[in-house]
Structure formats: structure tokens, C-alpha cells
Amino acid sequence: MKSKGAVKFFAIALVLVSIFQLSFTAKTYLVEKDAEAYANGNVELERNYLDSVSRLPVYNFLGIKKFTYLQCKERELNLGLDLQGGMNVTLEVSLADLVRGLANNNADPNFNKAIEQAREALKTSQKDYVTLFGEAYNEIAPNAKLSAIFANPSNRDRIKLSSTNQEVLAYIHDEANQAIDRSFQILRARIDKFGVTQPNIQKLEGSGRILVELPGVDNPARVRKYLQGSAKLEFFQTFDNPEAFKYLSQANDILKKSLVAEKSAPVGTDTSATAAADTTKSALASLGSASKPTTAAADTSKKDTAAADQKSFEEFAKENPLFAYLRPFADDKGMLSTKGSSCGTAAIRDTAKINALLARPEVRLALPSNIKFAWEYKGFGENQEGVIMHALKTDRDGSASLTGDKVIDARKDVNPTGDVEVTMNMNSEGARIWKNLTKNNVNHSIAIVLDDVVYSSPNVQGEIPNGRSSITGSFTMEEAGDLANILKSGKLPAPTRIVEEAVVGPSLGAEAISSGLWSMVIATIVILVFMVVYYNNSGYVANFAVLINVFFIIGVLASLGAALTLPGIAGIVLTIGMAVDANVLINERVKDELLSARSLKNAITDGYQHAASSIIDSNLTTLLAGIVLYSFGTGPVQGFAITLIIGILSSMFTAVLLTRVITEWQLDRGTIIKYSREFSKSAFQNLNFDFVKNRFKFYAFSGIIILIGLISIFTKGFTLGVDFKGGWTYVVEFSKPVSSTDIRTALETPFGSAPEVKTFGTEGKYKITTTFMIDDQNANVSEIVEGKLNDGLKTIDPTAKILSSSKVGPTIANDIKVASIWAAILALLGIGLYVLIRFQKWQYALGATIALAHDVLMMLGFYSIFDGILPFPMEVDQTFIAAVLTIIGFSINDTVVVFDRIREFLGTHHHETNKQKVINDALNNTLNRTIITSLTVFMVTLVLFIFGGDVIRGFNFAMLVGIVFGTYSSIGIATPIVIDFDRKNKK
């Protein structure tokens, strides 16, 4: 074999990279175990510990580079929310509100009618809202001009009365894109306040939606309220650092006295004061000890130094309770080191403690009533571990001097000197307030605050009389654009609304991990044992390839930062089964060569050479299905697709190249490699089934089943999943026996109609689906629906517990449904095109495409027939589409191998006049491989079906049906189609 060195190098490199990436997972696990031991069951203390080490080095990789706990956490293998619990939310910016805001809430009836019409059309259309609004307005008022509605002083440089409707719509499109960017910035700043590890936020390009994932969230209602709340933009006067330092010093002295007094308080002291003191002292103690950890983050050889540092810190904290955590901009002699509103810095992990100290009653009484402290929105330092605190000056009622609704426009610009700046315009009322504000604060700072976070605190250089201002600083163009977007959040509030949501409780997540891991372990053992039993010691090489393949998949997932989900585990398990296919192909070809009395070395060489073409063809077609699935799927479907794609690429490398290097290495050492045992040596050999002659029986058999399935589809139909029709889904666990009828009856009154209720896995769990209030735009609608659900459940079981919930709005449901249909169509067309190019005959492409359509119709028919009969949910949803596309990939894999063998036989026996006999011989010759491969994948899927958990049981049932009919169609449908449409072969 050529290029052995390159294969070895790549394999070793991939192993090292995987080890490196997975080492972060191991390190974070060890640190978290130390935190768990330190906290001894105290969740708050455990969180404080992890916060304290978050930006401290905990991992020294080979003495080359140090990584903090936070950096390790960012690089570890992520678990999906279905495995660890948490909340997944898709938000959509309310562009209808934005359009109204751009038009200054114009009362024109045609305008308002067009807004509502566009909102309704959005539920079933793939066009964006602004385009639909333009079409609706043109339909309602074909001769009217949008400029008459949108032209106003705030956009006079963009919209004039003479502007065409297309120009106005282009302006609205631009503002809509900015609103989405603005919402993304605001949400990104907000999710950092939830106190969860590894939060994720991303814009879903082209859809105007924003995805937020929050692992471990224990208060979904708070998250919904916070994510959907309107942004609060304010302008505050500020205290200069010298004055702020004076007040902070007073606070530090007061805290010192009060903490000492609380420590010496007698037993009969007021309990509320003592409780507050205990809370503060425990927070200080936990923070002090965790800030200098001696177990998880520090090397054991430095214990004495760590202990000394700890003692030094505690002594300083006794004298300076506030300044132990807040470093003021002054030296130990009180000499100030900066001007402006910035009054100190702190580690991000300490900000909550500082806020608690400054909020104590004795401190608030001593400080001026109009002082307010706020943190800057971005950190500083190598790891962004530090943050600046600002001293704000409120009005007498505690409010800001100016609110953001007075800003009518803001944009980034470059001034005549070439510096990047942000220009800001205000309305007449804002200009009046701004004039007085700037006049009274010359050479002082005015802080720009969004949601109580300081985004900028520019110094006022002079009075600004006309409301037009420019903010300069060391901005990049991107930073200037961000600030301009923030300034516009007051005038153009575009609230976000939750259109899709999934909440998974920790108990259900733990159950998913258990079932997922068990299914993977059992499936792997089944495959490993089978390969050794059937293929003798060559099976050990195949098993090594399977195991290293799984290791590569997990390592690459960690490298890409992708999350491992329960469908992802299913993808890995299926990849194990499909990876065996390549090894089976190789082993069967080597067995064929050995039966031809060739030497072992030559048989192995020829076996790998002849199998390579089939392996590459079959895997590339499956890869195509995986790519389509990833491109059109969302959430868990994408998690399944990415593991499938990685697994296919990895298995091609391990099966075709790595196993050959290992096999040839064994041969060089004199090892005798056996490819069969006595019972398997002649298994499935010398078969002579007349598939070609019986093809019309296959047509009739398939036609009858498809006809029955179609009758069921058109009469009974399907149970559409919530992600296809929209609605709410809850998984509820009851503590006593109840029936689905009892649940439906109990919920009919609060919901106004009876919901769908189905058993969900183990006894006592039910899946409840309803469309109650799904069209409601109220920000609190989730709490309202959940409240109604609880009201109904209490009548039959007061202790019933909601394990998980999900919401899919009608707009996103339509998008998912359309995307799924396109995914299936494109997969069929793409695979058909590949087969046409690869085999150079349209008959092969037609046979493959018809066989795939046959498999899909079989799955649809079985799903419709057995829905409501089998004891698990059989909903047509994204997961079902994932199963369909996976079976398309598996079936075409099998079909391509069969076609490849037919092409080979036709080439070898080109002098044979009876082409149908040659094709029949090819089918019998490949039957061994077809049965073994299908059997291994079927066994793996059966293990998943039994042990993989309730969430993916319907998916696995669809897979089992698809595997059976996919294997059958490769021989009984695809090949006969080629024969009957190829006149040469027919003749």
C-alpha cells in the first residue's frame, strides 16, 4: 500500500488532537468534583467556588500553555440540553412593532390593515415580514405612497415625500436588519446575568431569529420575562472619581465597623441583622478561600504559599471589606489615578459580592441618595476577567436625567480628522433636556446606560444646543456601529417574542444520559462480539477501527464546539452500525479472493482494491443525505446530522486506510489473519435465487403495501408533531395511576378543548399537546398556559410534575415543515444525480430514485397505520424527517453497492449474451454482504429502540421499518427498474 506514512501520520495527529480536546473535559470534571467536595452539598457555595476559579489557571498543558477553568469549560465536550437539562429558546424580533415605530404609530387605516395582514401571511409564507408588508399595502392601497406615512424629521436624509415605495421598503429592510442586530447585542449582554455555564446565543441567518441556549436554568419564567423585556436606555449624570472615591472609602469604613460588631454580637441580638451578617460573612469566607484555592487550581507543592496568601487576604479583608474586592482608582495614600466616572475595577466573579456590600442598609444610609453604581458592559485584561465600575448620579426620584425614547437616530461615521465617531440626533424635547444637561456637565461625563449596564461614559466638551451630538473615542468601526445600535434601542423598541421553546428538567436530562450511554455501550458490544464471532481474528482489526472511529467522532465534536445530544448519541450508534458495513465489504471481498485460491497477501490487496469503490460511493451518497439534513434541520436534528457526517468521514478513513495499514503490519510480523470460521466460511455461498424472474412479484408486493399505506394516509392521516403544526407540548409525570382519558377530561375546561394525551415511555408519564393560546403575542403567555395546565392537573393529581415543555409558534412550524419537505426532495434529487454521474446511465439513477421513494412511502404508510396502536408516540415531526433522510442514506448505500457489483459483473462477463442471468448472479453474489450489513445495523437500531429512551423511540421505529424495506428495495425494486428500462439488458 502506498502512502502508509501519510496514513500513520494523519491517524496519530487525529488521536493527539482528540486527546488534547477531550483533556479539557477531563480537567473541568476534576475541578467540578473538587468544588462539589468543597461545598458539601451547598449549591450556592459550589457556584461561588467555581466562580472564584473561573479565571484562574487550572490546567497547565505540558508546561507550554496554561488554561483557566473558564477556557477549559469553553473547550470541553458540550452536552445538549436534552442531556443536562436547561432551556432552549428561539426568539423573533417583532418587526410589526418596528414598522409602527418607524411610522411614528401612524393611524392610517390602510397602513394598519397592511401590518396585520402581513402578520397573518407570515404564518404560512417563506418571505420576510417587510416584503409581505409591502405586498399587503400595495394590494390594499395600490395607488398610495408609503413615503406619506414614513417621511418624518428623524429620517429626512433617507425618506422624502417623493421617495418610491421600493425606496421606503429598502429603508425599512435596513432598519429591520439593524433591529435584529440590536436585539442580538442586548440579548447577548442579558444572558450573562443568568449565572449559567456555557450559555449560547446565535443569530439564525436569513430568518431574523435568535437562538438562545441556557443549560441548567431552574427558573424558566424569569428567563422568558428577561429575554422578552424591552430595552431600557438611559443617560445619567455622573460623579467624578475623586468624589466617588470619598464615598467608597466611607462605605469601606462603615462595613468594617458593622462586620466587627456583628461578629461580637451576643446571642440575643436581632435575628434579621445576624442573618444578614452571617450571609455576608459566609460569602466573604467562601470567596476568600475560593479566590486562592489550594486543591483544584493550585499545585500541591505550593500549599504553604497558598495558605500564606489566604491568610494575608483574610487579614486585608477584615480591615477593608469593600476594597478587598473593589480596587479603587487610587493608591494607598489616596492619590487618584484617573478622572471621569470610572471609580474602580474588580474581578467579574466579585461583582455580585460588591453589589451586596454596597446595598447593605447601613451603607445606603451613609451614601448620598442620588448615587448609583453600575458596571461596564465589557471586561478587560487577557481573559476579560476585570470590569470597571462607574458612579452614576440620579435625579431626586432615582431616575435618569434623560431616557432613550428621545433619541431619534444614531449612526457610525468618520469625522474630518479621520477618527471614528457616533452621531446622535434627538427630538425637540430631548434636545431641550440635552442642552441643559450638557451645559451643566462640561468637563464631566454623561453615562450611556442600557439595562443598568454602562456602554459608554463620554466626557462633555461643551453645551450642545440643537440635540445633534458626536461621540468620539478609541472606537473601531464595529464598536461604533454597536454603540449606534444601542442608542437607537430607545426610539425603535422592537420587542422579541418567543416563537419556539424547549425546557428540559434535570431529572429527564439525567435519564436521557443514562439511556443514551447504555444504548451506545450495548450496541457497541453487540457489534464487537458479532464481528469476532463471524470473521475470526480479522474481526479484531474491524473492531479496533470501530472503536477508534467513535473516539475520533467525540474528539472532533469537542474540537468543533458542537454539543452532544441524545439524537447525536443515536447518530454515533448508527454510525457504528454503518461503519461495520465498510469492514464487511472488505472482509467479504477478501473471502471471495481466498476462495479463488489466491495467496493471503494478494487476496487482501485485491479485496481492499475492489471494495474501495463501493465503500466510497455508498458513503458519499449517505454523506449527501447528512449534509441536506444538517442544512435544513434545526436543533436536535442538526445534532444528529453533524455526528452522522463526522462519523461517515471518519469511518471511510478508518475502514479503507487505517485497517489496511494495521493488516499489512500484521502480515509483515508473520501473523496469520483469518477472515472466517468454519460455520461462516460457506455461509450464503452458492445461492441462486432468481430475483430477476420474480421481480413482478416484488412489484405486486410493494404495490399492495403502499396502497394500504396510502389509504390509511388519506383516511386516517398522521399525528403531526408540535414542530409541524405549532402548539405546546408537556411531558408530565404522575405519582399515582391515571388514564389518558382522565387527563383529557381534566384539561378540557381550562384549555377550552381537549388536548392530545399520549403515554410517554414508562408508566405514569404522559405527553400532553395543545394549541391553546398559541397565537397569543403576550409576553406572559407561557406562564398563563402552564398555569392552566397545573390547574387542570391538580384536580386529578396535586403532585403531578412537569418534566419538560416545548413551544413552537405557527410561523416557525410552517418554516420547519417547508424546510423538511425541501430536504427530502433535494436529498432524492441529489442522490439520483450522483448515481447518474457515477454510473453513466439514467436507468441506474431512475432505479435508485424510485427505490428511495418506495422506502419513504413504506415508512409513511407504516407510521400512519400503526399510529395509536403501538404504545409510544408516532408523530410526523423533525425527528421523523431525520429518520427518513437517514434511511434514504442507508438505502442508497445498499443500492450503490448492489449496482457496483452489477456493473463489475457486466464488465467481467461482457461476452455473456444473457445479461439478466449476469445481473442475477451479481445479486446472489452480493447477498452475503447485504444480509450481514443490514443485520448489524438492524441489531444496533433495535438496541437503540429498546434502551435509547422515550424521546427517540418513534425515530428508531421508523429506522427499523426503513432498514427492512431499504434492504429489500435495493434488490427487489431498484435493480428490476434498471432491467425493465434498459432495453439492452431486457433483450
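Leaving aside its neighbours within four places in sequence, which residues is R100 in contact with? Here are some friendly notes on that and a few other spots, bearing in mind that this is a predicted model.

1. **R100 and its contacts.** Beyond the neighbours within four places in sequence, R100 touches N105, F111, N112, I115, E116 and R119. R100 itself is found in helix α5. Another residue to look at from here is F150: R100 and F150 are 50 residues apart in sequence, and their C-alpha atoms lie 9.3 Å apart in space.

2. **Helix α5 around it.** Helix α5 covers residues 95-102, and seven of its eight residues are buried, so the helix is largely enclosed by the rest of the structure. R100 is one of those buried residues, together with L95, A96, L98, V99, G101 and L102. Just past the end of α5, you will find N104 with a positive phi of about 55°.

3. **The eight-stranded sheet.** For the next points, turn to the open sheet, whose eight strands pair antiparallel in the order β5-β6-β4-β18-β24-β21-β23-β22. Its edges are β5 (200-204) and β22 (756-759), each of which pairs on one side only. From one strand to the next, the twist averages 20°.

4. **β21 and its two partners.** Strand β21 runs antiparallel to β24, and seven bridges join the two. If you want a landmark there, E733 stands opposite K801 in β24. With β23, β21 again runs antiparallel, this time joined by six bridges. A handy landmark for that pair is W728, which stands opposite T770 in β23.

5. **β23, covered on both faces.** Six of the six residues of β23 are buried, so this strand is largely enclosed by the rest of the structure. In a regular strand the side chains alternate between the two faces of the sheet. For β23, K765, K767 and T769 are buried on one side, while Y766, I768 and T770 are buried on the other. β23 also pairs with β22 in the antiparallel sense, over four bridges. Within that pairing, V757 has I768 of β23 as its bridge partner.

6. **Helix α10 over the sheet.** Helix α10 lies across β4 (86-93), β6 (209-215), β18 and β24. Relative to β18, α10 runs at about 160°.

7. **Helix α27 and its buried face.** The buried residues of α27 are V781, S782, V785, L789, G792 and L793. Viewed down the axis of α27, these fall within an arc of 110°, so they line one face of the helix. An α-helix has 3.6 residues a turn, so residues three or four places apart point the same way. The buried residues of α27 pack against several elements, including α10 (220-228), β18 (496-504), β21 (727-733) and β24 (801-808). Helix α26 (740-751) and strand β23 (765-770) are also among the elements packed against them.

8. **Cysteines.** How many disulfides does a search of the whole structure find? The search finds zero.

Note on methods
Residues numbered from 1 in each chain as written. Predicted model: local features only at pLDDT ≥ 70, side-chain atom pairs only at ≥ 80, totals over all residues. Heavy atoms only, no water. Buried < 20%, exposed > 50% of the residue type's maximum accessible area, 1.4 Å probe, protein only. Arc of directions from axis to C-beta. Contact = heavy atoms within 4.5 Å. Pairing = 2+ DSSP bridges. Axes fitted to C-alpha atoms, helices over the stretch in contact; angles between N-to-C directions. Disulfide = S-S within 2.5 Å.
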